[in-house]
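This report covers backbone angles, solvent accessibility and contacts at a few positions. The sequence and structure come first.

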Amino acid sequence: MYPCQRCGACCRLVGESILTRELAGADGCCKWLDKSTNLCKRYATRPIFCNVDKYYEKFLQNTMSRDAFYQLNQTACRSLRLRWKEKVNHA
């Protein structure tokens with residue numbers, strides 16, 4: 001299972017991506033994010049691109065290793081956390 005840190009950065013920046021913009025509320029955060037806990041209000045039924053493991057199994061298991069996909073996601077996650085931190089510090 002992907003080691004999500006549950007920081008909420010990906011959910012708070014969901015409005016900045018063309019792929020996920022439809023999930024954003026007026027503030028750019030995912031409309032399903034509980035901002036007090038950083039947890040998804042519809043975790044069990046979240047879209048497939050919000051589920052690293054299911055996305056890998058459906059689309060990528062024949063093209064790359066799970067470890068390689070996790071590394072890509074961890075790199076993206078670090079970048080999102082930095083962007084969120086910068087956004088909060090400049091607000």
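Ala24 counts as partly exposed, at 22% relative accessibility; the class lies between buried, under 20% relative accessible area, and exposed, over 50% (1.4 Å probe, protein chains only). The model is predicted: local features need pLDDT of at least 70 and side-chain atom pairs count only at pLDDT 80 or more, whereas totals for chains, interfaces and linings use all residues. Residues are numbered from 1 along each chain as its sequence is written, and side-chain values use heavy atoms, with hydrogens and water left out.

Ala24 sits in the loop between H1 and S1. Helices (H or I, at least four residues) and strands (E, at least two) are DSSP runs numbered from the N terminus. With neighbours within four places in sequence set aside, Ala24 has contacts with Val14, Gly15, Cys29, Cys30 and Lys31, a contact being heavy atoms within 4.5 Å. Between the C-alpha atoms of Ala24 and Ser79, which are 55 residues apart along the chain, the separation is 19 Å.

| Residue | Phi |
|---|---|
| Arg6 | near 55 degrees |
| Asn38 | near 65 degrees |

Arg6 is a residue other than glycine and belongs to the segment before helix H1 (9-12). Its relative accessible area is 52%, so Arg6 is exposed. Asn38, also a residue other than glycine, is found in the loop between strand S1 (33-34) and strand S2 (39-40). Asn38 counts as partly exposed because its relative accessibility is 21%.
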